[in-house]
Amino acid sequence: MASCLNYLLVFLQTLAAAEHSILVHQTTEEPWHQKVRMFHFPELFAQDLKASNGSLAEDLSSSPDTMFIIDFYAPWCPHCNHFAPDMERLALAIQKSQTEGKGKLKAAVVDCVAHKEVCRTFNVGSIPHLMYGQGKAFIEQNLSKIQTVEVANRSAETVAKWIEDQSKQEFHINFSEVSKQAITQQLLAKEGANNVDKKPGNAATAGGNLWDAKLAAALLLRTVFETQTFKDVKQQEMDDTKVTLFKTLDLLTDHFPDSSGKCRSSFSKLSKQLNSEWETRLIRHSYTTWDHQHKTDIIVDPDQVEKDWQICDADWNEFGTGWGACRGSWPQKRGYTCGLWTLMHFLAANSSDATAANSTDTLRSMIQQFFNCRDCREHFAQIPYDRNQIKTKQDMQLWWWHAHNQVNERVMKVEADEGDGDPVYPKSLWPTKELCSDCHPGSALSAGPSLLRVEGTLQRHLPAQNFRDDIAARGWDILSVEKFLGGFYTLGAEHTVSLPVGAKSAIKLAKTQTEAAQAAEPLHPAPGDHLRWRP
């Protein structure tokens, strides 16, 4: 899902004036990872539950007999972002459809980053996660009387139809006066009114993107320790999660772009620490499931890890300054996903012919195991992959670039349908013609990412068996793309990136903090859905 110098904290402070977030009321400073990930959706019509003392009792105490539809979400979750206007639209339609003498129904939301314990209590295993039940059941945490809403093609209408069916038509929800476009505009306008970084700035010279790769690595590891469960060592079972974690650390140790050596040595240090102290690092979290079974998750305490270890020997508070070139112009746009792609492109560029196939396998396993967006993982798994085609470092770079653009194609369509893309940084195929004109001779994709123009007609594009053939069929010049990627992710190259106005000061601060150790490491930008969740 920052310090006073950080754009994000300024944004949160403005939201506090409208009582949109309880975080700014805390007396202690937020940890770095909350500063980077935190954004509390502006409240429009759905009740924003504050979850005091890890419970919903105070929020719902005045409405024990009211039925609630509650959306458990995380601010950094792409599908949560896309569903937010639908949830607000549902909430407004419910308000407008209430009939005197009928039962009461309300819509509410819970931020699972701000309120981990509540989401853990209600066994939120994926987000967005919709639950339906009486206020009394939520107050008493009686999960046997609360239903999880499962609908195909989640939208305000499909959820409303589910509620109507479950209530046996006690509730009738009318959307005739509630358009999605109007709600989206209200939501974006409310965000924009508080957004100190909403205008694009002048181009800034390269310097922000290796920082983004470091921040992505830090957030990735933090997310692993926060959300992943491990096997009990006493059972001596094969632990795929543990295997993927150590392979990821080995990959970072061997191929993270690092002229000073501090980052690679720090990843090596963490791997050795965890390996030698694994059993003592594990902690047990016990909880009760909806059917009253007592279960225990075995996790690694992320706070203890960060107490004993630092990434690239940097103070953790430095990462609270947030994203550089991956900073979006609107809250929760770009950020972590952009940073992960930046990290993966750098790792590919710093791989070798001998390790390319194994490194690609490790990164794919990392995404499948550790990226908490279930829809994203499922779509990623559908991208054709044959490790026998990854014979060189160039193959690895090109495959990841091609995979990234296929993801961009899908997100472009989603953002076009939802109308909620970043207005300054709309999704596009990468690199753009402005960055690499030779990469786009003839531009076979000018008619759209899923169509090819062949002899003046549009034909549906089907992936070729070999990914290089597929790239060529889409109109890219492979040699030009390889040349571009080889230069773009090489330390010491000079590039220009466009950044929001307020982001430049944050990047300047981040660069100042790392300049002494890594003066020769410019940072390069990368191109810019139901989530697995264990709070």
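## Basis and overall make-up

Residues are numbered from 1 along each chain as its sequence is written, and side-chain values use heavy atoms, with hydrogens and water left out. The model is predicted: local features need pLDDT of at least 70, side-chain atom pairs count only at pLDDT 80 or more, and totals for chains, interfaces and linings use all residues.

The chain has 20 helices and 13 strands (DSSP runs numbered from the N terminus; helices are H or I with at least four residues, strands E with at least two). Of its 535 residues, 56% are buried (under 20% relative accessible area; exposed is over 50% and partly exposed in between, with a 1.4 Å probe and protein chains only). The accessible surface is about 22,800 Å², and carbon and sulfur atoms hold 49% of that area (Shrake-Rupley method, 1.4 Å probe; for residues, only the protein chains shown count as cover).

## Helices α9 and α14

Helix α9 (residues 209-227) packs against α14 at an angle of about 110°, and the two axes are 8 Å apart (lines fitted to C-alpha atoms over the stretch in contact, with angles from 0 to 180 degrees between N-to-C directions). The pair is therefore roughly perpendicular (65 to 115 degrees).

On the α9 side, the residues that meet α14 include Leu-210, Ala-213 and Leu-220; on the α14 side they include Tyr-336, Leu-343 and Phe-346 (contact is heavy atoms within 4.5 Å). The residues of this contact divide into ten nonpolar, four polar and one charged (Ala, Val, Leu, Ile, Met, Phe, Trp, Tyr, Cys and Pro are nonpolar, Asp, Glu, Lys and Arg charged, and the others, Gly among them, polar).

Thr-321 sits in the loop between α13 (302-308) and α14 (336-349). Its relative accessibility is 5%, so Thr-321 counts as buried. The side chain of Thr-321 reaches the backbone oxygen of Glu-318 at 2.8 Å (a polar contact is a pair of N or O atoms within 3.5 Å; within protein, one must be able to donate a hydrogen and the other to accept it, and residues adjacent in sequence count only if both atoms are side-chain atoms).

Asn-174 belongs to the loop between α7 (156-166) and α8 (180-193) and is partly exposed at 38% relative accessible area. Leaving aside neighbours within four places in sequence, Asn-174 contacts Ala-93 and Ser-97.

## Backbone geometry

Most residues other than glycine have a negative phi, and most peptide bonds are trans. The bond from Trp-430 to Pro-431 is cis, with omega near 0°. Ala-51 has a positive phi, near 50°, and is buried at 6%. Asn-123 also has a positive phi, near 55°, but is partly exposed at 25%.

Technical notes: Angles under 35 degrees count as roughly parallel, over 145 as roughly antiparallel, 65 to 115 as roughly perpendicular and the rest as oblique.
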